[in-house]
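Please go through the fold of this protein chain and then one residue inside it, in question-and-answer form.

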Amino acid sequence: MALPKSVLIREVGPRDGLQNESVWLDTGEKRTWIDLLAAAQLPYIEVTSFVHPKWVPALKDAKELTQSFNKKDDITYAALIPNEKGLAHFFEANLDTGAMFISSSETHNKKNMNQSIHETLPVIKQMTADLKAAGKNTRAYISTVFGCPYEKQVPMDQVLRLTDILLSYGIDEISLGDTIGEAHPLQVERRLDILLERFPADKIALHFHDTKGMALANIYTALKAGITIFDSSSGGLGGCPYAPGSSGNVATEDVVHMLQKLGIETNIHLPALIKAAEWIEAKVDRTLPSHCLRAYHSQTTS
Ligand code: HMG
Ligand code: MG
């Protein structure tokens, strides 16, 4: 299939990127980073997570962060929500998109949500109804679609079953997560062949972690299959605290750079994106995986 003309990027750095970080960023610093990301004209920014603060201490200031939040009109601001308690905080924050989550493997769902898949589904169904009644956008992640740290391969039937159920709730977009960065192009091609026979491509996003350096190759494969929505994280920060072996998401600037070279429109300002990645790299005080950031550093120091 021909490559798409335009692609939507979902920036998940302030949520997925920070949730696994041991370095504490205070609320003001988080806001500064989000503003830098907004300056790069990213269309969607997942700013935090209304999960239990004991489960993800790095985001325990979600309420404070989203109080008197400086929103730009042309950006969709999202947060992760696990249950009705998180949903209540989300409504107080008045963000645009509620991002719910479930895993395709039973063990990861249990470790991540402290409940079974069977128990999580009705919670998502109710939250979707509440979000839609309030006029909010809805998104749901399905994790471990390309491999699980506990159960290894996840059967395709299970991915199809969950995608089907979540779409039947009326959720706007399903993001399929390669939680531990196990996916490879052949697997992506095979899984998308089956998925896209059943579901429209504009309902499916892909969320690649880059543990084994396969994320850009996977995105290229998915582009050729017709997918036009990808999640990524500034600097390549990220990881799920409840998925051992999970490392950073694919770096947003690497994805945008590749898309630009392929002639695919994102409307994202790459120099501003590099500035945001440079800022967060200095804050977490370690070298981040982003290739574009490395190239930028070597140009500016040579
Ligand atoms: P639980 O302990 O089973 O919760 O945790 P509970 O319902 O039994 O309640 C226990 C206490 O927690 C109660 O308080 C609740 O009020 C409180 P108490 O009565 O004892 O004082 N509570 C809450 N407090 C604040 N915010 C809430 C909340 N809910 C209950 N939302 C829970 C269940 C789901 C809350 C917990 O397991 C949790 O927070 N899990 C989140 C784990 C997480 O954030 N993981 C990373 C995100 S997922 C990911 O990274 C993958 C993704 O990127 C895609 C991919 O890469 O594949 C999305
Ligand atoms: Mg993730």
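The questions below concern a predicted model, going from the whole chain to a single residue.

Q: How many helices and strands are there in the protein chain?
A: Secondary structure was assigned along the predicted chain. The count comes to 12 helices and eight strands.

Q: What is the radius of gyration of the protein chain, and why does it count as compact?
A: For 302 residues the globule rule gives 19 Å. The value for this chain is close to that, so the chain is as compact as a globular protein of that length. Its radius of gyration is 18 Å.

Q: Which part of the contacts with a separation of 6 or more comes from residues 24 or more positions apart?
A: A contact requires heavy atoms within 4.5 Å. Of the contacts in the protein chain with a separation of 6 or more, the share from residues 24 or more positions apart is 75%.

Q: Is Leu 206 buried or exposed?
A: Leu 206 lies in strand β7, residues 204-208. Beyond four places in sequence, Leu 206 touches residues including Phe 146, Leu 176, Ile 227 and Phe 230. Buried means under 20% relative accessible area. Leu 206 has 0% relative accessibility, so the residue counts as buried.

Key
Residues are numbered from 1 along each chain as its sequence is written. Chains are lettered from A and ligands numbered from 1 in the order in which they are written. This is a predicted model: local features need pLDDT of at least 70, side-chain atom pairs count only at pLDDT 80 or more; totals for chains, interfaces and linings use all residues. Side-chain values use heavy atoms; hydrogens and water are left out. Helices (H or I, at least four residues) and strands (E, at least two) are DSSP runs, numbered from the N terminus. The radius of gyration is taken over C-alpha atoms; the globule rule is 2.2 Å times the number of residues to the power 0.38. Buried means under 20% relative accessible area, exposed over 50%, partly exposed in between (1.4 Å probe, protein chains only).
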